[in-house]
Amino acid sequence: MASRFGVVGCGYVGSAVATHLRSAGFELTGTVTNPARLGELCDLVDHPRIYKAGDQGSDHAFIDDLDGLLIAMAPTSSSFEEDQYQSVFGAGISDLVNGVQSRRSRKPLHVTYLSSAGVYGDQAGALCHEQTPPDETSSTNALLLEAERRILSLNTDDIQACVLRLGGIYGPGKDIASFIRSASGNLVPKNGSHINAWIHRDDIVRGVDFAFNKRLQGIFNLVDELQLSRRELSNALCDEEGLAPVIWENHDRPGARVFNARVSNSRLKEVGFTPRVSSMLESLPVA
Ligand SMILES: NC(=O)c1ccc[n+]([C@@H]2O[C@H](COP(=O)([O-])OP(=O)(O)OC[C@H]3O[C@@H](n4cnc5c(N)ncnc54)[C@H](OP(=O)(O)O)[C@@H]3O)[C@@H](O)[C@H]2O)c1
């Protein structure tokens with residue numbers, strides 16, 4: 001019998017994971033919150049569901065028979081607000097974790113949760129690993145870290161759960177390199193000295209597949225090899241095309257959420273996973 005896999009949040013990443021696993025023979029359940037996306041979802045998965053984690057009385061029955069579950073939710077409304085973040089990563093994750101814990105089946109279930117390497121916050125550009133204390137001072141990071149803890153509390157005899165901390169996502173339809181180049185010659189009101197982390201969408205798909213197959217537990221950074229500051233990255237991208245550099249600030253705006261860390265992917269490499277796309281500068285085709 002085919003393995004049954006569920007994707008909560010068939011957005012940019014979730015849809016790519018669903019497509020990949022379905023073509024690999026999995027029976028797919030997928031969810032979106034927006035009924036207008038149901039037609040699209042019907043083409044993508046075997047069992048489409050409208051599901052909004054955190055909604056009162058939300059039905060978690062779709063989790064009962066799954067072997068694997070990817071949680072790839074993020075706020076998607078165009079009117080982004082702080083409380084929407086809270087509703088997805090606070091109340092939403094809590095509700096979903098309760099739903100997983102109260103599933104009727106006791107068959108083994110593996111859960112992968114997509115978090116963000118942004119939780120390391122301001123490490124003054126230092127190298128950081130999964131053991132590095134993350135930034136609890138930003139309210140957003142505190143919320144994301146609490147969501148990770150809730151997910152990891154699922155680990156029991158019959159449930160294994162892991163957290164993948166992603167860099168900023170680029171890939172098909174998300175051409176971050178072109179976006180950065182489009183700021184050539186302009187001032188961008190962000191600190192150009194800060195180092196960010198990145199990951200290609202197709203390596204996230206491979207990473208989720210790997211996590212399920214290896215039944216990974218715990219926290220893993222899923223980032224590519226690029227450890228450049230915003231300024232170094234934009235200079236490299238603009239130089240390549242003979243463009244004027246992007247102009248960055250050298251300070252943080254008051255209240256801005258800072259991410260400045262060289263995030264290591266060595267833990268995933270140690271367990272056998274290496275990203276295929278080393279950075280957006282290489283833009284290697286993914287086989
Ligand atoms: N984008 C980045 O650079 C980045 C960086 C680090 C980590 N991440 C993480 O990577 C994951 C995937 O990101 P993405 O770019 O694929 O996101 P996305 O395209 O915005 O998709 C998010 C999905 O979550 C669904 N959703 C929203 N609220 C929900 C709720 N309360 N309950 C259930 N589903 C809900 C949305 O439903 P609808 O389709 O109906 O709107 C959508 O399908 C997210 O967990 C995000 O936090 C992203």
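The structure is a predicted model, in which local features need pLDDT of at least 70 and side-chain atom pairs count only at pLDDT 80 or more, while totals for chains, interfaces and linings use all residues. Residues are numbered from 1 along each chain as its sequence is written.

Helices (H or I, at least four residues) and strands (E, at least two) are DSSP runs, numbered from the N terminus. Seven strands form an open sheet in the order E3-E2-E1-E4-E5-E7-E11, with parallel pairing; two strands pair if DSSP finds at least two bridges between them. Strand E3 (47-50) and strand E11 (218-222) stand at the edges with a single partner strand each, so one side of each is left without a neighbour in the sheet. On average, neighbouring strands of this sheet are turned by 20° against each other, direction ignored. E5 and strand E7 (residues 159-166) pair in the parallel sense over eight bridges, and Leu 109 stands opposite Ile 159 in E7.

H1 packs on the sheet and touches strand E1 (4-8), E2, strand E4 (68-71) and E5; the direction of H1 makes about 165° with that of E2. Axes are lines fitted to C-alpha atoms, for helices over the stretch in contact, and angles run from 0 to 180 degrees between N-to-C directions. Residues are in contact if their C-beta atoms, placed from the backbone, lie within 7 Å. Helix H4 (residues 139-152) also packs on the sheet, touching E5, E7 and E11, and its direction makes about 170° with that of E5.

In the contact of H1 with helix H6 (residues 201-214), Tyr 12, Val 13, Ala 16, Val 17, His 20 and Leu 21 in H1 meet Arg 201, Ile 204, Val 205, Val 208 and Asp 209 in H6.

Notes:
Contact = placed C-beta atoms within 7 Å.
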